[in-house]
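Subject: Model for you to look at

Hello,

Here is the structure I said I would send. Please open it alongside this note.

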Amino acid sequence: MLFGVGTASSFCFKGVYINSTIIVGNIFSRRSFSTMKEVGTHNALSLPTSEYVGEAPVLRPVSVRAKCSSNVQSTPEIEKKYVHGVYDAIAPHFSSTRFAKWPKVSAFLNSLSPGSLILDAGCGNGKYLGLNPNCFFIGCDISAALVNICADRGHEVLVADAVNLPYRTGYGDAAISIAVLHHLSTEDRRRKAVEELVRVVKKGGCILITVWAREQEDTSLVEKWTPLNQRYIAEWIGPGSPRVRNPSSPRTLVSIPEAEENGTGEQLKDLHAKSSKVKSAEVMDSTSQDKGRSLLTGSGKGYAEQQEFFVPWHLPYHRAEVSGASAVALASGLAKKDDKKGSMVYNRYYHVFSEGELERLVSGLGNAILVDRFYDKSNWCIILEKTS
Amino acid sequence: MRLLTHNMLSSNIKGVANGFPLKIEVEKVVQKEVDFNIDFLKNMFYKVEWKALAEASRTMGYAELPENADAAMLESDDFLHKFHHALLELHLEEGALVCPETGRKFPVTKGIPNMLLHEDEV
């Protein structure tokens with residue numbers, strides 16, 4: 001039912017992961033997690049911020065935990081505006097670009113017993129719903145616009161929050177969380193979402209979780225993201241009232257063709273073919289942290305540990321006009337115009353995961369074990385099994 | 001929303017001890033044919049709260065399910081088809097789901113329940 005060692009490792013960076021079954025909690029002893037000290041093992045979400053002196057960013061660690069909402073299930077403003085608001089605004093266009101199914105997700109879904117009930121928490125446009133015709137799927141997403149698209153396709157869906165699923169305990173046979181956790185802005189919320197996934201499946205049920213990796217295969221993508229600076233973190237993850245402001249970072253948004261958007265394997269392959277310098281597997285195979293750091297930061301310096309980003313979504317004018325929401329988005333600062341590209345640019349909030357971070361997030365679960373983990377198409381992925 | 005989903009949903013408002021089953025307020029029910037999957041039915045039989053399913057199906061205008069059910073009934077084609085119909089083919093298209101403890105209504109629009117909580121409910 002689960003992926004074998006060979007299957008799992010074939011998608012990993014060479015030599016990083018060699019085994020596929022370990023008990024959560026013991027992972028810290030593994031060499032491959034030696035870089036975890038970079039992200040810290042305490043609860044505070046540490047991340048660097050940048051102050052700019054000319055072109056040279058100065059890094060200073062800050063803790064955002066103290067400013068987080070006291071209630072883990074209460075949605076922070078940054079997620080309301082830069083995740084839910086954006087997906088509601090771009091839903092039809094986003095959906096039109098989301099059809100490629102990742103082979104590893106398909107393999108997981110096809111490995112499940114016939115007659116299984118599969119819960120997709122954060123189903124987006126529902127591209128995995130119904131993938132295994134012998135199973136039944138129920139999807140949910142916090143974006144009503146995306147859920148409407150799923151329903152129009154005949155899928156069984158509801159609007160719900162992955163951090164607080166309105167489901168009975170143990171009802172599902174399996175669950176998936178594909179590209180969801182990186183949109184949650186605090187570690188407590190990301191952990192709560194994992195706990196919810198575990199809670200809603202039966203004992204023995206498996207859960208596949210994938211998140212965007214800080215270690216992107218195409219490093220040029222990262223340079224097109226806008227690192228959140230301290231002011232954003234203070235304003236949006238903090239309790240203060242939201243205000244509209246453009247990013248003050250000198251690393252302003254750079255136009256990015258839709259084809260470069262993370263998540264479609266064929267397109268990434270094309271990019272790799274075009275790029276003579278990207279040899280991600282070889283570069284990432286290095287055990288040298290310095291080497292990894294230079295990969296992550298590209299031409300800039302000091303972004304090695306940056307994990308909070310705005311990632312642009314380009315909504316072509318001809319799509320924006322029909323949505324009718326573009327004027328509102330412009331007025332509120334949710335989007336801005338890029339006349340050169342002929343598109344509206346929306347920022348989506350991402351917390352990209354560092355190597356080992358996903359495993360660390362699930363290490364405190366008392367009722368699930370880690371049965372597989374792999375890196376696939378710039379995503380960190382794990383499979384959990386509920387044990388009690 | 002199918003009754004399969006209704007049987008899984010539970011009000012998760014802060015402070016609610018038992019949010020299941022949600023009461024169904026019916027405005028519009030539609031029926032859609034679904035392929036028969038015996039593996040799924042036999043799997044789901046052990047998951048569903050039968051009384052909640054039987055009552056929900058009656059609320060939706062389908063009164064064919066027995067008051068109680070046991071595993072021996074899975075041998076009956078007649079029973080399986082009724083179970084299949086109630087679980088998968090009846091849709092609440094418009095209406096509401098009502099929290100049994102607080103009375104809070106979760107709207108169901110175009111077949112989609114909106115289970116999002118307000119700020120003061122989490």
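Below is what was found, part by part.

This is a predicted model: local features need pLDDT of at least 70, side-chain atom pairs count only at pLDDT 80 or more, and totals for chains, interfaces and linings use all residues. Residues are numbered from 1 along each chain as its sequence is written, while chains are lettered from A and ligands numbered from 1 in the order in which they are written.

**Domains**

Chain A is divided into domain 1 (77-214 + 352-386) and domain 2 (219-235 + 306-351); such bounds come from an automatic or database domain assignment. Their centres, taken over C-alpha atoms, are 23 Å apart. Domain 1 of chain A puts 19 residues into the contact, and domain 2 of chain A puts in 16. (Two residues are in contact if their C-beta atoms, placed from the backbone, lie within 7 Å.) On the domain 1 side, H2(A) supplies the largest share, 11 residues. That side has 10 nonpolar, 6 polar and 3 charged residues. (Ala, Val, Leu, Ile, Met, Phe, Trp, Tyr, Cys and Pro count as nonpolar, Asp, Glu, Lys and Arg as charged, and the others, Gly among them, as polar.) Helices (H or I, at least four residues) and strands (E, at least two) are DSSP runs, numbered from the N terminus.

**Core**

The largest nonpolar core has 116 residues. (Such a core is a set of buried Ala, Val, Leu, Ile, Met, Phe, Trp, Tyr and Cys residues joined through C-beta atoms within 7 Å; buried means 20 or more other C-beta atoms within 10 Å of the residue's own, with C-beta atoms placed from the backbone.) A:Ile207 and A:Leu384 touch the most other members. Helix H2 (residues 77-96) of chain A gives the largest share of this core, 9 residues. Domain 1 and domain 2 of chain A both give residues to the core, so it lies between them. Not counting residues up to four places away in sequence, A:Ile207 touches several residues, including A:Ala174, A:Val201 and A:Leu384.

**Sheet**

Chain A has an open sheet of 7 strands, in the order E5-E4-E3-E6-E7-E13-E12, with mixed pairing. (Strands pair if DSSP finds at least two bridges between them.) E5 and strand E12 (368-376) are the edge strands. E12(A) pairs with strand E13 (residues 379-386) in the antiparallel sense, over 8 bridges. There, A:Phe374 stands opposite A:Cys381.

**Chain A with chain B**

Each chain's share is stated separately: 26 residues from chain A and 26 residues from chain B. H4(A) gives the most to the chain A side, with 4 residues.

Best wishes

Terms used:
A residue is buried if 20 or more other C-beta atoms lie within 10 Å of its own, exposed if 12 or fewer, and partly exposed in between; C-beta atoms are placed from the backbone.
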